[in-house]
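Let's take a walk through this structure together.

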Amino acid sequence: MESTRFTAWQFVAATVWFATCSEAWEFYVGGKDGWVQNPSESYNHWAERNRFQVNDTLIFEYQKGKDSVLVVTKDDYNSCDTNTPLLSLTDGASRFKLDRSGPFFFISGIADRCNAGQKLIVVVLAVRDKSPGGALTPSPAPPVVQPPVTPPPKPDSPPGASPSDADAPVPAPSRSSASKAGFPCAGGVGLVIALGVSLLING
C-alpha cells in the first residue's frame, strides 16, 4: 500500500512537471562567433535562418567590460543610438527571453560597433489564437495535393530523361537546429498520464 501511494505521488509530480514545461529553445546569437564586432555571418542573416517563438531565449556571449548588448527601439536601432536603451545587458553571457511575438531590436553598447554592423533584429512568430475554452482554434483542412504529372519527353530528349530538378517543389522552412540547445518536454504528458493511470489501476 505504501509503495502504491509513493508511486502515485511520483506520477503526480511528473505530470505537473511535464504540463508546466513549455517547448522553448536557446539560441546562441551568432553561433560559434558570439556577439562580436566582425562576425563571419551578419547577425540578421543568422536570424533569418532561424525561427523564434515566444519563450525562446537568446544567449549573447561577449567579453565582459569590453562590450554589451542593448535592447532598443526601432528608431534607436536604425540610428545606433546607445543613450536610451530599453534594457542593457553587460555580464558577458547575457540571456534574453523572447516574451512576446513581434520584432526585437538589439545593438552593441558601443556605437561604432553598431554602425559597423553589430546589430540584430529578431522577429518572433505570433502565438496561435486560442478559443474562449482554452483549446487551440482548429486549423483548416490541408488542401488535397495531386501527384505531379510527368510531361512526355521532348522528341530530342534521350530515353529515360526526367524533368529538371528546378521544377521540384521547395520544402517549407523550419526552425534551424544549428544554434539550439535544450529540448521540448511538453509532448510526454500523454505518456506520463497513461503510465500513472496504469499504475493506479494495477496498484
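What follows covers the nonpolar cores and then the disulfide.

This is a predicted model, in which local features need pLDDT of at least 70, side-chain atom pairs count only at pLDDT 80 or more, and totals for chains, interfaces and linings use all residues. Residues are numbered from 1 along each chain as its sequence is written, and side-chain values use heavy atoms, with hydrogens and water left out.

Let's begin with the cores. A nonpolar core here is a set of buried Ala, Val, Leu, Ile, Met, Phe, Trp, Tyr and Cys residues joined through side-chain atoms within 4.5 Å, where buried means under 20% relative accessible area (1.4 Å probe, protein chains only). The largest one has 21 residues, and Phe-52, Leu-58, Phe-60, Phe-106 and Leu-120 have the most contacts inside it. Two or more residues each come from helix H2 (43–48) and from strands E2 (57–61), E3 (69–72), E6 (102–108) and E7 (119–124); these are DSSP runs, helices (H or I) of at least four residues and strands (E) of at least two, numbered from the N terminus. Another core, of seven residues, lies apart from it and includes Leu-70, Phe-105, Ile-107 and Cys-114.

Cys-114 also leads us to the disulfide, a pair of cysteine sulfur atoms within 2.5 Å. Its partner is Cys-80, with the two sulfur atoms 2.1 Å apart. The bond links distant parts of the chain, 34 residues apart: Cys-80 sits in the loop between helix H3 (74–79) and strand E4 (87–89), and Cys-114 in helix H4 (residues 111–115). The torsion about the S-S bond of Cys-80 and Cys-114 is about -75°, so this disulfide is left-handed. Cys-80 counts as buried at 5% relative accessibility, and Cys-114 does so at 1%.

Technical notes: Buried < 20%, exposed > 50% of the residue type's maximum accessible area, 1.4 Å probe, protein only.
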